[in-house]
Amino acid sequence: FGFGVALSGITDPGLGLWHSAIHFPNIHRVSLAAALSEALGDPVLLENDTRASLWGALWFEPRLASLRNVVYLSLCSGIGSALLINGRLHTGAHFWAGELGHMRAGEEGRECCCGKTDCLETYCAMPALGAELSRVMPSLGNTPSPLELADAICKNPVVANVADRTMARLGKHVGALAAYVDPEAILLGEQEPALYEALLPSMRRHIQSEFQGRGTDTLPIEIVASPEYAPLRGVAARVINEAFQNTLSPLYRGRLSFKTWRQMTSTP
């Protein structure tokens with residue numbers, strides 16, 4: 001069918017453009033898909049890694065397949081999020097939809113890799129959380145692993161309190177995003193599930209507290225199995241989907257229907 005490329009930053013899947021990326025300051029509207037397609041001799045689909053991970057979760061996990069409106073959240077070296085609205089990945093007018101990590105979230109002057117200060121990820125991404133927890137529990141060291149953080153949160157009330165304050169800050173932004181999207185669920189992925197399990201009660205409480213007019217209805221927050229190759233499996237699924245669904249896509253083959261293909265390749 002072709003090749004898929006999942007990468008961080010602002011990407012335009014339709015035109016195959018890599019617009020920009022925080023960690024690659026020289027990137028500006030690079031026609032990456034076209035260049036790779038010419039080199040490989042096959043169509044290439046370009047996709048943002050977090051959007052790809054969301055698509056892969058919906059594609060490969062049967063319990064999620066029926067969801068049509070989703071907020072997907074990734075807490076790793078940064079904060080990524082992706083949106084599914086009415087069954088379609090939502091990119092926004094400038095492909096910035098869901099870019100929570102670089103929203104202003106404080107006034108402490110914390111420097112961010114984007115060159116500005118006080119972005120949400122300087123407070124809530126895993127490096128920031130690890131640094132905060134290490135201050136109150138020095139035995140964690142400078143770069144605690146996700147499993148070490150999870151263990152400390154579960155066993156040390158002081159550490160759990162610091163983590164709770166971090167989730168309160170995150171909850172305001174995720175809650176606002178969820179209020180606009182009105183999702184069926186928030187999915188947590190691309191991270192060690194044990195860490196999400198440790199953070200989930202606090203995260204759920206703070207996100208839910210933002211919905212004062214929602215009544216007693218609770219917004220489901222689910223942890224997605226998070227293989228290291230989540231963006232890869234997601235962009236592979238995007239390639240296959242485009243090949244059978246979008247007649248305007250260079251990946252389109254039209255030899256059989258998407259439904260028939262899934263029936264032929266499904267595992268009994």
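**Strand and helix packing in a predicted model**

Trainee: How many bridges join strand β1 to β4, and do they run parallel or antiparallel?

Mentor: Strand β1 (residues 3–7) is joined to β4 by five bridges, and the two strands run parallel; strands are DSSP E runs of at least two residues and helices H or I runs of at least four, numbered from the N terminus, and two strands pair if DSSP finds at least two bridges between them. The model is predicted, so local features need pLDDT of at least 70 and side-chain atom pairs 80 or more, while totals for chains, interfaces and linings use all residues. Residues are numbered from 1 along each chain as its sequence is written, and side-chain values use heavy atoms, without hydrogens and water.

Trainee: Which residue of β4 does Phe3 stand opposite?

Mentor: Phe3 has Val44 of β4 opposite it.

Trainee: And is β4 largely enclosed or open?

Mentor: Strand β4 (residues 44–48) is largely enclosed by the rest of the structure, because five of its five residues are buried (under 20% relative accessible area with a 1.4 Å probe, protein chains only; exposed is over 50%, partly exposed in between). Val44, Leu46 and Asn48 point one way from β4, whereas Leu45 and Glu47 point the other way, and all of them are buried.

Trainee: Switching to helices, at what angle do α5 and α6 pack?

Mentor: Helix α5 (residues 146–155) and helix α6 (residues 157–181) pack at about 110°, with their axes 6 Å apart; axes are lines fitted to C-alpha atoms, for helices over the stretch in contact, and angles run from 0 to 180 degrees between N-to-C directions. The two helices are therefore roughly perpendicular to each other (65 to 115 degrees). On the α5 side the contact is made by Ala152, Ile153 and Lys155, and on the α6 side by Pro157, Val159, Ala160 and Ala163 (heavy atoms within 4.5 Å).

Trainee: Which residues of α5 are buried, then?

Mentor: Leu149, Ala150, Ala152 and Ile153 are the buried residues of α5, and they pack against α4 (126–136), α6 and α7 (193–209). On the face of α5 turned away from its buried side sit the exposed residues Leu147, Cys154 and Lys155.

Trainee: What order do the strands take in the open sheet of five?

Mentor: The order is β7-β6-β5-β8-β9, with mixed pairing, and the edge strands, each pairing on one side only, are β7 (88–90) and β9 (221–223). From one strand to the next, the twist averages 25°.

Trainee: How do β5 and β8 pair?

Mentor: Strand β5 (residues 70–75) pairs with strand β8 (residues 185–189) in the parallel sense over five bridges, and Leu73 has Leu188 in β8 as its bridge partner. Helix α6 lies across β5, β6 (79–85) and β8, and runs at about 160° to β5.

Notes: Angles under 35 degrees count as roughly parallel, over 145 as roughly antiparallel, 65 to 115 as roughly perpendicular and the rest as oblique.
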